[in-house]
Amino acid sequence: MSDSTQKTDDELLDKIKNNDNTALNELIIRYRNTVEAIAMKYINSPLEKDDLVQEGMIGLLAAINSYNSNKGAKFVTYASRCINNSVQTALRKFSRLKDIPQSNIVALEEDFFEGRVVLSAEDEYLAKESVSTLTEVLYEGLSSFENEVLRLYIVGCSYAEIAQKLGKNQKSIDNAIQRIRKKLDGVSF
(Lines give C-alpha, C1' and ligand atoms only; values in the text may rest on other atoms or scores of the structure.)
Protein backbone atom coordinates (compact mmCIF):
# COMPACT_ATOMS: atom_id res chain seq x y z
CA MET A 1 0.00 0.00 0.00
CA SER A 2 1.51 3.36 -0.92
CA ASP A 3 1.81 6.18 1.62
CA SER A 4 -0.74 8.28 -0.28
CA THR A 5 -3.44 5.61 0.15
CA GLN A 6 -2.43 4.55 3.66
CA LYS A 7 -5.11 5.30 6.25
CA THR A 8 -4.31 7.69 9.10
CA ASP A 9 -4.29 6.51 12.69
CA ASP A 10 -7.54 8.38 13.31
CA GLU A 11 -9.23 6.68 10.36
CA LEU A 12 -8.13 3.27 11.61
CA LEU A 13 -9.25 4.09 15.17
CA ASP A 14 -12.69 5.07 13.88
CA LYS A 15 -12.96 1.74 12.06
CA ILE A 16 -11.78 -0.13 15.18
CA LYS A 17 -14.60 1.48 17.19
CA ASN A 18 -16.94 -0.15 14.67
CA ASN A 19 -15.37 -3.57 15.36
CA ASP A 20 -13.20 -3.63 12.22
CA ASN A 21 -10.57 -6.27 13.04
CA THR A 22 -8.67 -5.58 9.81
CA ALA A 23 -8.11 -1.99 10.95
CA LEU A 24 -7.04 -3.26 14.39
CA ASN A 25 -4.50 -5.60 12.84
CA GLU A 26 -3.21 -2.83 10.57
CA LEU A 27 -2.72 -0.47 13.53
CA ILE A 28 -0.99 -3.18 15.58
CA ILE A 29 1.37 -3.95 12.70
CA ARG A 30 2.02 -0.24 12.20
CA TYR A 31 3.04 0.19 15.84
CA ARG A 32 4.91 -3.09 16.29
CA ASN A 33 8.27 -1.37 15.64
CA THR A 34 7.40 1.34 18.17
CA VAL A 35 6.62 -1.34 20.76
CA GLU A 36 9.91 -3.13 20.05
CA ALA A 37 11.89 0.12 20.16
CA ILE A 38 10.45 1.01 23.56
CA ALA A 39 11.00 -2.55 24.84
CA MET A 40 14.64 -2.42 23.71
CA LYS A 41 15.26 0.54 26.05
CA TYR A 42 14.80 -1.97 28.88
CA ILE A 43 16.77 -4.86 27.36
CA ASN A 44 19.19 -4.98 30.32
CA SER A 45 16.31 -5.52 32.71
CA PRO A 46 15.57 -8.88 34.35
CA LEU A 47 12.71 -9.55 31.89
CA GLU A 48 13.34 -11.17 28.53
CA LYS A 49 12.84 -9.25 25.29
CA ASP A 50 9.70 -11.23 24.38
CA ASP A 51 8.15 -10.44 27.76
CA LEU A 52 8.96 -6.75 27.36
CA VAL A 53 7.44 -6.71 23.87
CA GLN A 54 4.36 -8.55 25.14
CA GLU A 55 3.88 -5.96 27.88
CA GLY A 56 4.34 -3.22 25.29
CA MET A 57 1.65 -4.80 23.11
CA ILE A 58 -0.70 -4.82 26.11
CA GLY A 59 0.00 -1.11 26.49
CA LEU A 60 -0.69 -0.57 22.78
CA LEU A 61 -4.05 -2.36 23.03
CA ALA A 62 -4.93 -0.29 26.10
CA ALA A 63 -4.06 2.86 24.12
CA ILE A 64 -6.24 1.76 21.20
CA ASN A 65 -9.18 1.08 23.52
CA SER A 66 -8.91 4.26 25.57
CA TYR A 67 -7.65 6.89 23.10
CA ASN A 68 -9.76 10.04 22.87
CA SER A 69 -8.78 12.43 20.10
CA ASN A 70 -10.67 15.23 21.86
CA LYS A 71 -8.01 15.34 24.61
CA GLY A 72 -5.54 17.03 22.24
CA ALA A 73 -2.74 14.46 22.01
CA LYS A 74 -1.91 12.63 18.80
CA PHE A 75 -2.38 8.89 18.92
CA VAL A 76 1.33 8.19 18.38
CA THR A 77 2.18 10.24 21.50
CA TYR A 78 -0.54 8.64 23.58
CA ALA A 79 0.30 5.13 22.41
CA SER A 80 4.01 5.60 23.13
CA ARG A 81 3.21 6.74 26.67
CA CYS A 82 0.86 3.80 27.26
CA ILE A 83 3.39 1.31 25.87
CA ASN A 84 6.18 2.74 28.02
CA ASN A 85 3.96 2.75 31.13
CA SER A 86 2.93 -0.85 30.56
CA VAL A 87 6.55 -2.01 30.26
CA GLN A 88 7.57 -0.03 33.36
CA THR A 89 4.64 -1.46 35.33
CA ALA A 90 5.70 -5.00 34.39
CA LEU A 91 9.26 -4.26 35.52
CA ARG A 92 8.03 -2.86 38.85
CA LYS A 93 5.85 -5.92 39.37
CA PHE A 94 8.73 -8.22 38.59
CA SER A 95 11.02 -6.34 40.97
CA ARG A 96 8.48 -6.65 43.78
CA LEU A 97 7.84 -10.33 43.12
CA LYS A 98 11.49 -11.44 43.05
CA ASP A 99 11.92 -10.44 46.71
CA ILE A 100 8.83 -12.33 47.88
CA PRO A 101 9.14 -15.99 48.85
CA GLN A 102 7.20 -18.13 46.36
CA SER A 103 5.11 -19.62 49.16
CA ASN A 104 3.72 -16.15 49.95
CA ILE A 105 2.50 -15.34 46.44
CA VAL A 106 -1.28 -15.42 45.99
CA ALA A 107 -2.45 -16.84 42.65
CA LEU A 108 -3.96 -14.62 39.95
CA GLU A 109 -2.60 -11.40 41.48
CA GLU A 110 -5.31 -11.33 44.12
CA ASP A 111 -4.66 -9.85 47.52
CA PHE A 112 -7.15 -10.27 50.30
CA PHE A 113 -7.52 -7.17 52.41
CA GLU A 114 -10.34 -6.92 54.93
CA GLY A 115 -12.29 -9.63 53.13
CA ARG A 116 -12.33 -8.09 49.65
CA VAL A 117 -10.37 -8.87 46.51
CA VAL A 118 -7.95 -6.18 45.31
CA LEU A 119 -7.41 -6.30 41.55
CA SER A 120 -4.17 -5.73 39.70
CA ALA A 121 -3.86 -2.49 37.74
CA GLU A 122 -4.54 -4.30 34.46
CA ASP A 123 -7.59 -6.12 35.83
CA GLU A 124 -8.88 -2.88 37.34
CA TYR A 125 -8.42 -1.10 34.00
CA LEU A 126 -10.25 -3.86 32.13
CA ALA A 127 -13.05 -3.85 34.70
CA LYS A 128 -13.45 -0.07 34.35
CA GLU A 129 -13.53 -0.42 30.55
CA SER A 130 -16.21 -3.12 30.84
CA VAL A 131 -18.30 -0.97 33.17
CA SER A 132 -17.86 1.99 30.82
CA THR A 133 -18.97 -0.10 27.83
CA LEU A 134 -21.95 -1.48 29.75
CA THR A 135 -22.96 1.99 30.95
CA GLU A 136 -22.79 3.33 27.41
CA VAL A 137 -24.91 0.46 26.09
CA LEU A 138 -27.47 0.91 28.87
CA TYR A 139 -27.64 4.66 28.35
CA GLU A 140 -27.76 4.66 24.55
CA GLY A 141 -29.30 1.28 23.78
CA LEU A 142 -32.16 0.96 26.24
CA SER A 143 -35.31 3.03 26.43
CA SER A 144 -36.14 4.79 29.69
CA PHE A 145 -38.79 2.12 30.33
CA GLU A 146 -36.26 -0.68 29.76
CA ASN A 147 -33.74 1.05 32.04
CA GLU A 148 -36.36 1.30 34.80
CA VAL A 149 -37.33 -2.37 34.37
CA LEU A 150 -33.66 -3.39 34.50
CA ARG A 151 -33.01 -1.30 37.62
CA LEU A 152 -35.91 -2.91 39.45
CA TYR A 153 -34.96 -6.38 38.21
CA ILE A 154 -31.38 -5.94 39.42
CA VAL A 155 -32.50 -4.97 42.93
CA GLY A 156 -34.47 -8.23 43.11
CA CYS A 157 -38.04 -7.28 42.24
CA SER A 158 -40.18 -10.00 40.68
CA TYR A 159 -41.98 -9.48 37.36
CA ALA A 160 -45.22 -8.93 39.30
CA GLU A 161 -43.62 -6.32 41.58
CA ILE A 162 -42.06 -4.50 38.63
CA ALA A 163 -45.40 -4.53 36.78
CA GLN A 164 -47.19 -3.13 39.82
CA LYS A 165 -44.60 -0.38 40.44
CA LEU A 166 -44.58 0.71 36.80
CA GLY A 167 -48.32 0.32 36.20
CA LYS A 168 -47.84 -2.26 33.42
CA ASN A 169 -48.83 -5.89 32.97
CA GLN A 170 -46.40 -8.76 33.56
CA LYS A 171 -46.24 -9.59 29.85
CA SER A 172 -44.87 -6.12 28.99
CA ILE A 173 -42.28 -6.54 31.75
CA ASP A 174 -41.32 -9.95 30.36
CA ASN A 175 -41.06 -8.48 26.85
CA ALA A 176 -38.86 -5.65 28.14
CA ILE A 177 -36.56 -8.13 29.92
CA GLN A 178 -36.25 -10.18 26.72
CA ARG A 179 -35.39 -7.05 24.70
CA ILE A 180 -32.78 -6.06 27.30
CA ARG A 181 -31.21 -9.52 27.17
CA LYS A 182 -30.98 -9.41 23.37
CA LYS A 183 -29.38 -5.95 23.47
CA LEU A 184 -26.88 -7.01 26.14
CA ASP A 185 -26.01 -10.26 24.32
CA GLY A 186 -24.47 -8.18 21.55
CA VAL A 187 -22.13 -6.34 23.93
CA SER A 188 -18.53 -7.50 23.94
CA PHE A 189 -16.22 -6.69 26.81
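**Entry 1: a pair in helix α6**

I began with E148 and R151, which sit three residues apart in helix α6 (residues 144-154), so about one helical turn separates them. I am working from a predicted model. E148 and R151 form a salt bridge, and their closest N and O atoms are 2.4 Å apart. E148 is partly exposed, with a relative accessible area of 28%. R151 is partly exposed too, at 44%.

**Entry 2: a pair in helix α8**

I then turned to K171 and D174. These two form a salt bridge, with 3.9 Å between the closest N and O atoms. The cut-off for a salt bridge is within 4 Å, so this pair counts. K171 and D174 are three residues apart in helix α8, which puts about one helical turn between them. K171 counts as exposed, at 53% relative accessibility. D174 counts as partly exposed, at 21%. Burial means under 20% relative accessible area, so D174 is not classed as buried.

**Entry 3: a pair between helices**

How many salt bridges does the structure hold? I noted six. One of them joins the side chains of R30 and D9, at 2.6 Å from N to O. R30 lies in helix α2 and D9 in helix α1, so this pair ties together parts 21 residues apart in sequence. Is D9 buried or exposed? D9 is buried, with a relative accessible area of 17%. R30 is partly exposed, at 24%. I wrote down a general point beside this: side chains of opposite charge can pair when their charged atoms come close.

**Entry 4: the nonpolar cores**

I moved on to the nonpolar residues. As a general rule, nonpolar side chains in soluble globular proteins tend to be buried together. The largest nonpolar core here has 26 residues. Which residues have the most contacts inside this core? They are L13, L27, L52, L60, I64 and F75. Helices α1 (9-17), α2 (21-40), α3 (49-66) and α4 (75-98) each supply at least two residues of the core.

Leaving aside residues up to four places away in sequence, I64 touches L13, I16, L24, L27, I28 and F75. Another core lies apart from the largest one. This other core has twelve residues, among them L142, L150, C157 and A176.

**Entry 5: α7 against α8**

I checked how helix α7 (residues 159-166) meets helix α8 (residues 170-185). The two pack at an angle of about 110°, with their axes 8 Å apart. That angle makes α7 roughly perpendicular to α8. From α7, the contact uses Y159, A160, I162, A163 and L166. From α8, it uses Q170, I173, D174, I177, Q178 and R181. I sorted the contact residues by type: seven are nonpolar, two polar and two charged. D174 turned up here as well as in the salt bridge with K171.

**Entry 6: R179**

My last stop was R179, which is found in helix α8. R179 counts as partly exposed, at 35% relative accessibility. Which residues does R179 touch, not counting those up to four places away in sequence? It touches F145 and E146. I also looked up R179 and L142, which are 37 residues apart along the chain. The C-alpha atoms of R179 and L142 are separated by 8.8 Å. L142 was already in my notes, as one of the residues in the core of twelve.

Terms used
Residues are numbered from 1 along each chain as its sequence is written. This is a predicted model: local features need pLDDT of at least 70, side-chain atom pairs count only at pLDDT 80 or more; totals for chains, interfaces and linings use all residues. Side-chain values use heavy atoms; hydrogens and water are left out. Axes are lines fitted to C-alpha atoms, for helices over the stretch in contact, and angles run from 0 to 180 degrees between N-to-C directions. Helices (H or I, at least four residues) and strands (E, at least two) are DSSP runs, numbered from the N terminus. Angles under 35 degrees count as roughly parallel, over 145 as roughly antiparallel, 65 to 115 as roughly perpendicular and the rest as oblique. Contact means heavy atoms within 4.5 Å. Ala, Val, Leu, Ile, Met, Phe, Trp, Tyr, Cys and Pro count as nonpolar, Asp, Glu, Lys and Arg as charged, and the others, Gly among them, as polar. Buried means under 20% relative accessible area, exposed over 50%, partly exposed in between (1.4 Å probe, protein chains only). A nonpolar core is a set of buried Ala, Val, Leu, Ile, Met, Phe, Trp, Tyr and Cys residues joined through side-chain atoms within 4.5 Å.
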